[in-house]
Amino acid sequence: MRLFRPRKPSRRCRPQWPSLLTEMNGYVLPCLPAEHGSVLTTALNLRAWCGECGVTYPGKFVIEPGTPPPFEWAREPKNTLCSCEPRWPRLMVMFRGRWYLGHPGSHGRLVVDGASDGAFCRNCGAGFLGEMVIDLDDTSHLEKPGET
Ligand SMILES: [Zn+2]
Ligand SMILES: [Zn+2]
């Protein structure tokens, strides 16, 4: 038995880097490889890793465009009340390294626990603690604003 194994991972994804993740303010965010990185990722010295196998990404990267900013305050217990009318018009949640839209509920193809997956209201940022259904077909949050 060898106590010290080379740090090279035994199993890498093929193709490499199917998805990249980074962490900021305790939130995991999707990111993309980029030649020069961004002011944010460089200044904060963020680390990125493969969303599938966890290998540290050695290059520069940027936070994926369109990713909502981490709502730091949404984690506070008092900020779990949606101020929208009607309540919880649209939820966002990070699932397996990707952002999805969804709605409150427990009946659907993909139900996740909003509390443990960090779901929040897309409009006001309030943290959502109940069960929610991911709308797998709704990718409107991935489309660039201004384009129809
Ligand atoms: Zn990988
Ligand atoms: Zn809201």
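What follows is our chat about this predicted model.

Biologist: Before we start, how are things numbered, and what gets counted?
Modeller: Residues count from 1 along each chain as its sequence is written, while chains are lettered from A and ligands numbered from 1 in the order in which they are written. The model is predicted, so to speak of local features we need pLDDT of at least 70, side-chain atom pairs count only at pLDDT 80 or more, and totals for chains, interfaces and linings use all residues.

Biologist: What is the mean pLDDT of the protein chain?
Modeller: The mean is 80, and 80% of the residues reach 70 or more. pLDDT is the predictor's confidence in each residue, from 0 to 100.

Biologist: In what order do the 5 strands of the open sheet come?
Modeller: The order is E7-E9-E6-E5-E8, with antiparallel pairing. Strand E7 (111-113) and strand E8 (120-121) stand at the edges with a single partner strand each, so one side of each has no neighbour in the sheet. Two strands pair here if DSSP finds at least two bridges between them.

Biologist: Can you walk me across the sheet?
Modeller: E7 pairs with strand E9 (residues 131-134) over 3 bridges in the antiparallel sense, and Asp 113 has Glu 131 in E9 as its bridge partner. E9 is also joined to E6 by 3 antiparallel bridges; there, Pro 104 stands opposite Met 132 and His 103 stands opposite Val 133. E5 and strand E6 (residues 98-104) run antiparallel with 5 bridges between them, and Val 93 has Tyr 100 in E6 as its bridge partner.

Biologist: What about the hairpin of E5 and E6, which residue there takes a positive phi?
Modeller: Arg 96 does, with phi near 50°, in a hairpin that has 2 residues between the strands.

Biologist: Back to E9. Which residues are on its covered face?
Modeller: Met 132 and Ile 134 are on the covered face, whereas Glu 131 and Val 133 are on the uncovered one. In a regular strand the side chains alternate between the two faces of the sheet.

Biologist: And which residues have the most contacts inside the largest nonpolar core?
Modeller: That core has 14 residues, and those with the most contacts inside it are Leu 91, Val 93, Ala 119, Phe 120, Cys 121, Phe 128 and Met 132. Strand E5 (91-95), E8 and E9 each supply at least two of its residues, and the largest share, 3 residues, comes from E5. Apart from this core lies another, of 8 residues, including Leu 20, Leu 29, Ala 48 and Phe 61.

Biologist: What counts as a core, and as buried?
Modeller: A nonpolar core is a set of buried Ala, Val, Leu, Ile, Met, Phe, Trp, Tyr and Cys residues joined through C-beta atoms within 7 Å. Buried means 20 or more other C-beta atoms within 10 Å of a residue's own, exposed means 12 or fewer, and partly exposed is in between, with C-beta atoms placed from the backbone. Of the 148 residues of the protein chain, 20% count as buried.

Biologist: Last one: is Gln 16 buried or exposed?
Modeller: Gln 16 counts as exposed because it has 12 C-beta neighbours inside 10 Å. Gln 16 lies in the segment before E1, and its C-alpha is 9.8 Å from that of Glu 52, 36 residues apart in sequence.

Notes: Helices (H or I, at least four residues) and strands (E, at least two) are DSSP runs, numbered from the N terminus.
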